[in-house]
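Colleague: I am new to reading protein models. Could you take me through a few features, one at a time?

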Amino acid sequence: MPTCSEALQLILDSVAPLPARSTLLFDALGLVLAGTQTSPETVPPFTNSAMDGYAVRADDCAGATPASPLFLEVLSDLPAGSVATDAVRPGTAIRIMTGAPLPAGADSVVPVEATASEGTRVRIAAPVKQGANVRLAGEDLRAGEELLPRGFALTPAALGILASVGLAEAPVHPRPRVAILTTGDELVAAAARPGPGQIRDSNIHTMCGQAVAFGAVPVPFPRVPDTREAVTAALAKARDTADVIVTNGGISVGDYDFIKAVLADLGAREVFWKVKQKPGGPLGYWLLDGKPVFGIPGNTVAAMVCMEEYVRPALRKLMGHARLLRPETTGVFEGSFRKSVQDGKVHLVRVRARREEGRLVVAPSGPQGSGILSSMLRSNALALVPADALALKTGDEVQVHLIEEPEDH
Ligand code: AMP
Ligand code: MG
């Protein structure tokens, strides 16, 4: 039985980034570049005005003061998107809008606020610095320069940079499609009224939500009854339609737990079954025709913790990310935690982490039963009680995984 870190390593060793696809910028936020992007163009493509005002020759305005203003003849109006047909000659100016190409002959722009229009002329009451309010061609990006390195996860600014040089699509690793199969005869839809002995299928929602938050595309399957035939049909369909398969429930040693047996029938290679951890001990991992299959136990918190600790890093590797894991840090424990027996397992305790006087303090967010989702709701981190420790008390140092990041919401 592998430890948590051995299990994670086995998973990560078995997956590689999905082949890159050329993707429209509107669909590419957060996706990872499969190649270095070089600029085919220069930005700005032409020298232009940074202000609404008048394109002038700085020399013409040299002696202007409020007491002795000077007047320039306005030749024409130049909106953004147009090109001047006149050139600015000594004693003249062209009215220009922000973004319009600087006309020939002009070297500076006087903002409209510093002028007064008088008939066909403009009044200028102060000198202007040569090059003032002018944006030079190429001052932002140069043709041939490296814009973004391979492995860069596209941000909004990166999308804008690519668009500005005409790269309307980018080669990125796609979002993996994750088939999510919840199993169990006791389950009914959230909208249904459970009959005797039935409960609602909450895991389909937590797990699909996590898949989205992790950047993947969840494919929720219809709930799978606890029969060999139903499990076989669902797994075969998942294999044919998804990049990653996650099954939930039916992985333990109950009489109706068919996932392991069916995976063996389908020829899947078992990488491991069971991990030295709690919750989520019965986690299994297979490769079915090369596709990762996570067999995750059904308890609500076990499901979320396994998604978080194992499925998330695998999805990130498939998406080409360099950083696969959450920020990991050490915190100071507050409260008390005790394993019921010395079981040699790492316990992942749901905690609320907060900064206090420069330290990270973590306190259990509620009861720790593997089916108690309300304490998961209130947690923002998992504290890892080591396999050889029996208890934690206030003041103990503990390893912490911070499981919330701004982009998750
Ligand atoms: P299993 O792993 O199938 O033995 O299920 C373990 C526990 O988790 C049982 O109490 C199930 O009723 C519960 N459970 C299984 N699947 C779900 C689900 N999709 N939503 C909520 N609870 C579930
Ligand atoms: Mg079950």
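Colleague: Which residue does the side chain of Asn248 make a polar contact with?

Modeller: A polar contact is a pair of N or O atoms within 3.5 Å; within protein, one must be able to donate a hydrogen and the other to accept it, and residues adjacent in sequence count only if both atoms are side-chain atoms. Here, the side chain of Asn248 pairs with the side chain of Asn203 at 2.7 Å. Do keep in mind that this is a predicted model, where local features need pLDDT of at least 70, side-chain atom pairs count only at pLDDT 80 or more, and totals for chains, interfaces and linings use all residues. Side-chain values use heavy atoms, without hydrogens and water, residues are numbered from 1 along each chain as its sequence is written, and chains are lettered from A and ligands numbered from 1 in the order in which they are written.

Colleague: Is Asn248 buried or exposed?

Modeller: Buried means under 20% relative accessible area, exposed over 50%, and partly exposed in between (1.4 Å probe, protein chains only). Asn248 has 4%, so this residue is buried. Asn248 sits in strand 17 (residues 244-248); helices (H or I, at least four residues) and strands (E, at least two) are DSSP runs, numbered from the N terminus. For contrast, look at Ala116 in strand 8: its relative accessibility is 27%, so Ala116 counts as partly exposed.

Colleague: What does Ala116 contact?

Modeller: Contact means heavy atoms within 4.5 Å. Leaving aside neighbours within four places in sequence, Ala116 is in contact with Arg121, Val122 and Arg123.

Colleague: Which residues of helix 2 are buried?

Modeller: First, the general idea: an α-helix has 3.6 residues a turn, so residues three or four places apart point the same way. In helix 2 (residues 156-164), the buried ones are Ala158, Leu159 and Leu162. They cover an arc of only 105 degrees around the axis (taken from the directions from the helix axis to the C-beta atoms), which puts them on the same side of helix 2. These buried residues pack against strand 2, strand 11 and strand 12, while the face turned away from them carries the exposed Pro156 and Ala157.

Colleague: Which side chain has an N or O atom 2.6 Å from an oxygen atom of ligand 1?

Modeller: That is the side chain of Glu186. A nitrogen atom of ligand 1 also lies 3.2 Å from a polar backbone atom of Asn203, the residue whose side chain meets Asn248.
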